[in-house]
Amino acid sequence: MFHKVFESWSASTTRSKLIISLMIVSIIPLLISQTILFYYYNHTVKEKIMASGVNSVEQTARVLDSWMQDYLDYVLSIISDDTIISATKELMIPDTPNKAIALSQVKREFSAFSSKKPEVAISLLLPDGNNIVFDNDSTRFTVNLWEGQAGLRNEIYSTAIGKAGCTITKTIPDRQFRGQVKNYFHIANKIVDQYTLQELGVIVVTVNEEAVSSLFAQSNEESAYSVVVSGEGDIISAQNKELIGLNTVQDCGALLDILQNPENGVILKDITRTVVPTLSGKRTPTCTVNEIGKAVALTGSVPAAQWYIVNIFSGSYFYSDITTIRSTYWVVSLITLGAIILVVIALSGSLTKSAKSIVAAMERAKGGDLDIQVDIKTKDEMSIVAQTFNEMMVKISSLTNNLREERDRTANAIKNEKDAEIKALTAQINPHFLYNTLDAINWSLIKKEEYEISRMITSLSSILRYSINNKIKIIPLSDEYEWLKKYIYLRQCANNTFNAVIDMDPHIAGCKIYKLLLQPIIENCIDHGFEGYISGGLIKIDFRSYDEDAIEIVIEDNGQGMPEEIVREVMDGSYSHESAHGLGLKNVLSRLHIYYGGDARFNVESTLGKGTTIRLLLPKL
């Protein structure tokens, strides 16, 4: 298949190739740029919306938390009122003659508390099943709040009596009031005689759900949604009032029927199961971000009520503007591509005509007409080709005459190349001759039992082989370690004025190092550090692991040391004096920079008359 495509491409005209190539070269960058642009805008817009959403949810959660805490404190102030407690105790006495007075006292206190929060209704639920209800505005609730709600009333009473602190119910849809649906929830707390700890009844503050929904902005976007749920998954407040009273786990089917986007119901259920337990212990409002498919949910906790504000956004909320931008970009790109193709077709026609003229002239030259010239009037690149062709035909005869001279030069070049090969072979033979001669001397010394001199010859041969071999520049640390021992041994044989101690951590023996990197430092210690010494010189060399990525090499001597100004010049790279000190160190610094760049560290500490310590920190290779 590819072979046929290649043959078809080869047989096509230049114009066709230009148009096809242009389309391929244009479409691929368009696709890549479109992908990058879409991803960039998507990521940027989503981040900005998410940050704004998180800030909004956290702020709303703080407002709602403060609002609910105010209501809880409001309930606590009611159950702590001495007049209400006394009147309630009087009402619990069977056939009390002061019942009317007690009722009047309770309602008077309820009226006083209601003036602080006129938007609520206050109820007193007594153990005998009787209720005392006070409401400033009869348009909010039914005439008798608990009429037809005996089951709910008893459930609230038994729950509040059985626990310490406030009880907050789920939002209850009330369909009894003038054919309208009113949604409200109750905050209940029991009244206790503070002296006898007798449970007297339950105070219930009833709040309209609209008071909750008014605290946070509801989105008009179909792709965005806001709800308030309890820790058990009951929907307290929602943009769509049909959702109020449903449970995000138990009523998942009903949620999916009501919500326009099924992902909203799924993510609500998932948040109730996974996110709410993680936020339930938080004492301050906190916001989390969750994603399921293309849906994103921002969940803010309301610790005071154990509620959770959930703002849900579908994918279209984030990507609608981006999709419009991408479509516009595609339209503009396609129009531009079409215009370019038309221009290419026009230009390729002129190019093809010029190319045919040049090809025809080449065919005539191929037939033997070396005087042929191409006449092209255009000023484009093809005219340059034609001019070059004309000049080429003029020079062909001259080149033919020079061919013999070129052959002679080629023969000389071949001879020179062979001479160079012979010289290279000779240069290769000389080291091998030296090694073989040293081996012969070594065996002769062994026969004469000159073992110390034999050891010196063997060490010298190893050092020469190691030093002259230019094929291997990076070697194991163990090889450099062995070479240094032999080098120091030979220097001790020539000048027995110092001792050497070399230690290496076996765990780093396999690490790599550049060959002969340390030799200038050792040589500097022996030649200049121990200059004038008769005995007592000491060199310590320690190879050790620094961390997982580096090794440390410490070279310490008790020699003459270096002046402070030379140490400073060596370290800052400004040392350039042709004196005994510092040249070896400068050589090492230069090689470190070439080999390792900025990954190696080099430090010199030296005191005149006391010695020098050099530390190298090298990356593990």
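At what angle do helix α3 and helix α4 pack, and how far apart are their axes? In this predicted model, where local features need pLDDT of at least 70, side-chain atom pairs count only at pLDDT 80 or more, and totals for chains, interfaces and linings use all residues, helix α3 (residues 82-91) and helix α4 (residues 99-116) pack at an angle of about 150°, with their axes 9 Å apart. Residues are numbered from 1 along each chain as its sequence is written, and side-chain values use heavy atoms, with hydrogens and water left out.

A word on terms before I go on. Helices (H or I, at least four residues) and strands (E, at least two) are DSSP runs, numbered from the N terminus. Axes are lines fitted to C-alpha atoms, for helices over the stretch in contact, and angles run from 0 to 180 degrees between N-to-C directions.

With that angle of about 150°, α3 is roughly antiparallel to α4, given that angles under 35 degrees count as roughly parallel, over 145 as roughly antiparallel, 65 to 115 as roughly perpendicular and the rest as oblique. Their crossing is left-handed, a term used if the near helix is turned anticlockwise from the far one by less than a right angle, with right-handed used if clockwise. On the α3 side the contact (heavy atoms within 4.5 Å) is made by Thr-83, Ile-84, Ala-87, Glu-90 and Leu-91, and on the α4 side the residues include Leu-103, Val-106, Phe-110 and Phe-113. By class, the residues of this contact divide into eight nonpolar, two polar and three charged, where Ala, Val, Leu, Ile, Met, Phe, Trp, Tyr, Cys and Pro count as nonpolar, Asp, Glu, Lys and Arg as charged, and the others, Gly among them, as polar.

Let me step back to the whole chain. The protein has 15 helices and 18 strands, and of its 621 residues 39% count as buried, where buried means under 20% relative accessible area, exposed over 50%, and partly exposed in between, with a 1.4 Å probe and protein chains only. Among the contacts with a separation of 6 or more, 60% come from residues 24 or more positions apart.

α12 passes α13 in a right-handed crossing. Trp-483, Leu-484, Tyr-487, Ile-488 and Arg-491 of α12 make this contact with Gln-519, Ile-522, Glu-523, Ile-526 and Asp-527 of α13, a set with six nonpolar, one polar and three charged residues.

Within α13, eight of its 11 residues are buried, so that the helix is mostly covered. Gln-519 is one of the buried residues, with a relative accessible area of 18%, and, leaving aside residues up to four places away in sequence, Gln-519 touches Trp-483 and Tyr-487.

Now the sheet itself. It is an open sheet of five strands in the order β13-β15-β16-β18-β17, with mixed pairing, where two strands pair if DSSP finds at least two bridges between them. The edge strands are β13 (498-504) and β17, each of which pairs on one side only, and the twist averages 10° from one strand to the next. Helix α13 packs on this sheet, touching β13, β15, β16, β17 and β18, and the direction of α13 makes about 10° with that of β16.

Strand β15 (residues 537-547) and strand β16 (residues 550-557) run antiparallel and are joined by eight bridges, and the bridge partner of Phe-543 in β16 is Ile-553. β17 and strand β18 (residues 611-619) also pair in the antiparallel sense, over seven bridges, with Ser-606 bridging to Thr-612 in β18. These two strands, β17 and β18, form a hairpin with three residues between them, and Gly-609 in the turn has a positive phi of about 85°.

Which residues of β17 lie on its covered face, and which on its uncovered one? In strand β17 (residues 601-607), Phe-602, Val-604 and Ser-606 make up the covered face, while Arg-601, Asn-603, Glu-605 and Thr-607 make up the uncovered one.
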